[in-house]
Every structure is written in structure tokens, then in C-alpha cells.
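Morning, everyone. Please have a look at it first.

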Amino acid sequence: MKLRKGLLTAWIILQVFLLFLNIRVLIFISVNMEGLREINELGRWLFFWIVFSVIWVIGSLRIFKWYKLGKFHIEIIDKNIAGNNQMKKLPTLHLDRLLLRPFRLEDAKVVQQLAGDRYIAEMTLNIPHPYEDGVAEKWIETHNKNFNEDRLLELAIVHKEDNYFIGAISIGINKNYNHGELAYWVGKKYMNNGYCTEAAKGIVKYAFEEMKLNRIFSRHLGRNPASGKVMKKIGMQYEGLLRQHVIKWEQHEDLLYYGLLREEYFQTTSN
């Protein structure tokens, strides 16, 4: 905006200055017409008048053009800045019994309680144990940034009617390859209720239909076959076993992989 105002001010000043010179030349010629006997002298002053007029017109057009270009350039920058500053809002997904919603800082305490169970850490790859104070808060504070940088969609699994926290579910996003990794956990006391399956179906639907991903895959530790059953229930196909691929608590562990393609998902939903 400052640049645009500066150009406009320069344009006005130049117009006034050139107009002033033009008028002075015309006044001089008219006042001294009789004194300008020789044709060469009259021609010289007429030449000055024409030059000043041309400079005035060209200068006006030039400054006006700079102003317009400057205005256009600034408007583009303003739009880009506004677009970059517009944060994407994490979605809320309404399912039959569940609500998949963005985490809140007040969820941190129950996250620590449920994820702090040794069994949950034992059956997952990356949940720490013990689950220290402040870990949940720091994790929750990363969610908006992760989502806006197209890296990760993380949502809380909440009971729709009773509003109690059950667990977490996420889609790790790889924009280069247009695929995502499904991950989830639920508190031990909420297992065997079909919550994982319902939540997984909901977020996979969002990933294919809204995020337009081409493939969703997931993996689980060999010691956690229950997680594989969830993957099968939502239509994923077993794709292979990576033997002793990771280390969990100083032990080598197998990883089992499942995947679902976009075309397979839509074929299933259309039937």
C-alpha cells in the first residue's frame, strides 16, 4: 500500500510540475509575441513548448502505467499473503457412535492416562513408556501445524453421545506419492467394542473422498494381530511381512503391512 501511494504522489507532483512549465512557456510566448520578430527565435520557443508538452504526456502515461502495475503487483502479493495466512481447519467427522474431532489441550490428561498404559505402548511402535508429564500437551500443539503443512491428520476418537475420550487416529500424508499411512490406538478398557474399526472406516473415507489420496496403507507389530483384524475389516489387503524390521524395547519385531487403493475403495462403496 505504501508503494502504491508513493507512486500516486510522484505522479501528481510530476503532473503539477510539467503543467507549470507548460503554462510558463505559453505565457512567455504570448507576452513576447511581438518581440519575437525573427522566425528562428519564435520557432525555438515553440520547440520548447512542444518538448514540454510531449514530456508531460509521456511522463503522465509512464507514471500512470507504473502505478497500475504497482497496484496489480501489490494486490497479488496481498492475496498470496492472505492465502498463506489462512490456516486450514482440522475436520470433525461424525460417525454412527463416534466423533473424530481435533484434539484439545484439555484432552492431554486423559491421553496420558490411556496411552500411559504399558499394554498400549507394547502394542504400538512409537508410543513412549513411561508417558511423561507434558508429552501429550506438546504432541497436541503440533497437530494444526502438521495438518496445514500436509504432513499429518490427527484426530481424537470420542464417544458421540457420552463425550468420553477413547483414543486417537491419524493419517500420515505423503504428498509426493499421494498416499497416506493409517495409525490408531484406543484405551485398553475400550477395546473389543468395534471403535477402532468404526473410526478407521471414517477417516479412510475422508482420506479418499476429501483428501483425494490414491492409497492408504497401515502396519502393525507381529505381536498385535488384533490390529491386523481391524485393517481387514475395513477392506485392506495383506501386502507382506517385513521380518525383524524394527526394534521395540530392545527386541527385533516383525511388521505386517496392509493396503487399500482408491479404486478398490470406491468399488466396494458402490456395491
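Thr197 sits in helix 7. One thing to say at once: this is a predicted model. Is Thr197 buried or exposed? Its relative accessible area is 13%, and the cut-off for buried is under 20%, so Thr197 counts as buried. Leaving aside residues up to four places away in sequence, Thr197 touches Val230, Lys233 and Ile234.

Now the helix around it. Helix 7 covers residues 195-209, which is 15 residues. From first C-alpha to last it reaches 21 Å, close to the 21 Å expected at 1.5 Å a residue. How many of the 15 residues of helix 7 are buried? Twelve are, and the helix is mostly covered. Besides Thr197, the buried set includes Tyr195, Cys196, Glu198, Tyr206 and Phe208.

Eight strands form an open sheet with mixed pairing, and the order is 1-2-3-4-5-6-8-7. Strand 1, at 93-94, and strand 7, at 237-248, are the edge strands, each pairing on one side only. Strand 5, residues 179-186, and strand 6, residues 215-221, pair in the parallel sense over four bridges. Across that pair, Leu182 has Ser218 in strand 6 as its bridge partner.

Where does helix 7 lie relative to the sheet? It lies across strands 1, 2, 3, 4, 5, 6 and 8, and runs at about 30 degrees to strand 4. Helix 9, residues 262-270, lies across strand 7 and strand 8, at about 60 degrees to strand 8.

Leu241 is partly exposed, with a relative accessible area of 39%. Its contacts, again without residues up to four places away in sequence, are Asp254, Leu255 and Leu256. Leu241 and Gly222 are 19 residues apart along the chain, and their C-alpha atoms are separated by 8.8 Å.

The largest pocket has a volume of about 1200 Å³. Its lining has 44 residues, and those nearest the centre are Thr124, Ala183, Tyr184, Trp185 and Ser227. Which elements give two or more residues to that lining? They are helix 4 (118-123), helix 5 (135-141), helix 7, helix 8 (225-233), and strands 3, 4, 5 and 6. That brings us back to helix 7, one of the elements lining the pocket, and the helix where we started with Thr197.

Methods. Residues numbered from 1 in each chain as written. Predicted model: local features only at pLDDT ≥ 70, side-chain atom pairs only at ≥ 80, totals over all residues. Heavy atoms only, no water. Expected span 1.5 Å × (residues − 1). Buried < 20%, exposed > 50% of the residue type's maximum accessible area, 1.4 Å probe, protein only. Pairing = 2+ DSSP bridges. Contact = heavy atoms within 4.5 Å. Axes fitted to C-alpha atoms, helices over the stretch in contact; angles between N-to-C directions. 1 Å grid on protein atoms, 1.4 Å probe; cavity = no way out; pocket = protein on both sides within 12 Å on 5 of 7 lines; lining within 4 Å. Points joined across faces, edges and corners; volume = space filled by probe spheres on them.
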